[in-house]
Amino acid sequence: MTYRELYQSWLDDPYFDEETKAELKSIEGDEAEIEDRFYRSLEFGTGGLRGVIGAGTNRMNIYTVRQATQGLANYIVAHGGQDKGVAISHDSRNFSPEFAREAARCLNANGIKTYLFESLRPTPELSFAVRYFGCIAGIMVTASHNPREYNGYKVYWEDGAQVTPPHDTGIMDEVAKITDFSTVKTMDEDDARSVGLFNVIGSDFDDKYISQVKAQSIHPEIIPEMAKDMKIVYTPLHGTGNVPVRRVLKDLGFTQVFVEPQQKIPDGNFPTVSYPNPESAKAWELALKLAKEVDADIVLATDPDADRLGVYAKDTKTGEYVSFTGNMSGMLIAEYIFRERLATGTMPENPALVTTIVTTDLAKAIADNYNARCIEVLTGFKYIGEQIKIFEDTGCNNYVFGLEESYGCLTGTYARDKDAIVAVMMLCEVAAFCKKQGKTLWDAMLDLYEKYGYYKEGLATLELKGIDGAAEIQKKMQDFRENPPKELGGFKVLATRDYKADERVDLVTGEKTSTGLPSSNVLYYELENNAWCCVRPSGTEPKIKFYFGVKGESMEDAEAKVEKLKEDMLSK
């Protein structure tokens, strides 16, 4: 059917409710809006669904959620996993509770037991629940850090990580087969409860999760000693982080914790921020204002589903608050964990640090310094979670820490996704450790640069919406493939990696080898002098992303090199 025919079918079909039809009638005459809502089905990608909330096949609504869930249910039944069940959680976004319940009812109608959290919970707690209850899968209703008009749906497998091959493509294939909405099953909630299919996870489960988080602390004895002198400002950005973050900090003994009052209440409209993302400078305005009022040492922000952590710390020399990238905060935690585990005799044999191909190369330097293995995986924390399972299955290594540049990391293996709650705890512990030595987090960061070199990274994005935008993104990727650059930002290109073709080409010797990683639409350029660039389409937004990394002689030198790389890549 054409997009126009699909639009009319939703208006005529009694399957769709009157509220949905009223919304669609309101856009009658807006041809561009109708086309955007119906020109395709909302794509169920390798991580699940994500899209703008609204009526239509290309929108997040109860019907597209049911459609995706029916495909997932078919896959679970085919693998005989219905008795294991599915854990389901949601964040604070609009319609998140409704979408979570619709998913549960669809699974129940297919004979699959569900465990639904009684109210909003962070993504890492869902990951932990999947493994705790022995589930075959998990669903987290969230659009992570996307703007307020979005919602989404992330799928996890029984290891607690987001689905990876072959399950991701297997589920995608099953979802693609569901073309008739009327064939999707659903079930009355009370009926599902009466036969033991619909189960609720209560607040007592939080104790189990928080206990696992606190178990990652290395020097809990330092915290009460320094707590009265260390001030922490925190904002959950209207998301799920407020309760678990405050609890874990209180349990460990931090007493000077100030929560930004206008942003502490969960609210899917995100009234104080247009973009609830710790990577966005505008999201910090209220928290930084509070930090200056109370003279805070560190300022923290978590995204709506509390799997990402952003950080500012005070530079006592200037009195200003300095922004930390995800690479910077992650490396501070990594250095602390490896150094202190070695010092306390708690470092496991064959330790490993797992990172992604677009994360700072400082990770490799730290791993080398502590005789640990550094493993690079594709972008997406699910691949880091996958490595933990490989370690457990083979015994080849022991996971110590994992991070990605986009403000996500994980200490411990209780969860298999990035966890901002444990990141808050570890970073505050690092800050307390530093404060006892008369240093700030910013001092510690400068020490890290002096020890290993001035590693600096950058990220630039181009947003290209709609049908034309999607085509432009593909054209740019094709142009990079067909006309690979010989020089970028003044650096000679030494090798190229095309992860889609699974090919690395050494431009010096001409040798071609495998990348060693799964197929993905990613291009990577190894440059001289420890520099690199990477380009890939976003998997969740209509954007193409450019990543850069250098190693400079000083902060100024590194910043200049990154800026030159950025300008050159964006001009291509």
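This is a predicted model: local features need pLDDT of at least 70, side-chain atom pairs count only at pLDDT 80 or more; totals for chains, interfaces and linings use all residues.

Let us start with helix α12, which spans residues 285-294. Its buried residues are A287, L288, L290, A291 and V294. They sit on the same side of α12, because the arc they cover around the axis is only 160°. An α-helix has 3.6 residues a turn, so residues three or four places apart point the same way. On the other side of α12 you will find E285, K289, K292 and E293, which are exposed.

What do the buried residues of α12 pack against? Their partners are strands β7 (232-235), β8 (257-259), β9 (298-302), β10 (309-315) and β11 (320-324).

## Two helix pairs

Helix α1 (residues 3-12) and helix α2 (residues 18-25) have axes that come within 9 Å and cross at roughly 140°. The two are therefore oblique to each other, and α1 passes α2 in a left-handed crossing. From α1, the contact draws on Y7, W10, L11 and D12, while α2 contributes T20, K21, L24 and K25. Sorted by class, the residues of this contact are four nonpolar, one polar and three charged.

In the second pair, helix α4 (residues 62-78) packs with helix α5 (residues 96-109) at an angle of about 40°, and their axes are 9 Å apart. That angle makes α4 oblique to α5, and the crossing of α4 and α5 is right-handed. On the α4 side the residues are I62, V65, R66, T69, Q70, A73 and I76, and they meet F99, E102, A103, R105, C106 and L107 of α5. The contact of α4 with α5 counts eight nonpolar, two polar and three charged residues.

## Helix α14 and its neighbours

Helix α14 covers residues 362-369, and L362, A363, A365, I366 and A367 are buried in it. After α14 comes N371, which has a positive phi near 55°.

## V377 in strand β13

Strand β13 also holds V377. Is V377 buried or exposed? V377 has a relative accessible area of 3%, and it counts as buried because the cut-off is under 20%.

Leaving aside residues up to four places away in sequence, V377 touches V354, T355, T356, I357, Y383, I384, Q387 and L517.

## Backbone details to check

If you plan to inspect torsions, a few places deserve a look. The peptide bond from P165 to P166 is cis, with omega near 5°. P166 is in the loop between β5 (150-157) and α7 (167-176).

Two aspartates have positive phi values as well. D295, which follows α12, has phi near 60° and is not a glycine; it belongs to the loop between α12 and β9. With a relative accessible area of 41%, D295 is partly exposed. D502, also not a glycine, has a positive phi of about 55° and lies in the loop between β18 (491-498) and β19 (503-506). D502 is partly exposed too, with a relative accessible area of 33%.

Definitions and conventions: Residues are numbered from 1 along each chain as its sequence is written. Side-chain values use heavy atoms; hydrogens and water are left out. Buried means under 20% relative accessible area, exposed over 50%, partly exposed in between (1.4 Å probe, protein chains only). Helices (H or I, at least four residues) and strands (E, at least two) are DSSP runs, numbered from the N terminus. The arc is that of the directions from the helix axis to the C-beta atoms. Contact means heavy atoms within 4.5 Å. Axes are lines fitted to C-alpha atoms, for helices over the stretch in contact, and angles run from 0 to 180 degrees between N-to-C directions. Angles under 35 degrees count as roughly parallel, over 145 as roughly antiparallel, 65 to 115 as roughly perpendicular and the rest as oblique. A crossing is left-handed if the near helix is turned anticlockwise from the far one by less than a right angle, and right-handed if clockwise. Ala, Val, Leu, Ile, Met, Phe, Trp, Tyr, Cys and Pro count as nonpolar, Asp, Glu, Lys and Arg as charged, and the others, Gly among them, as polar.
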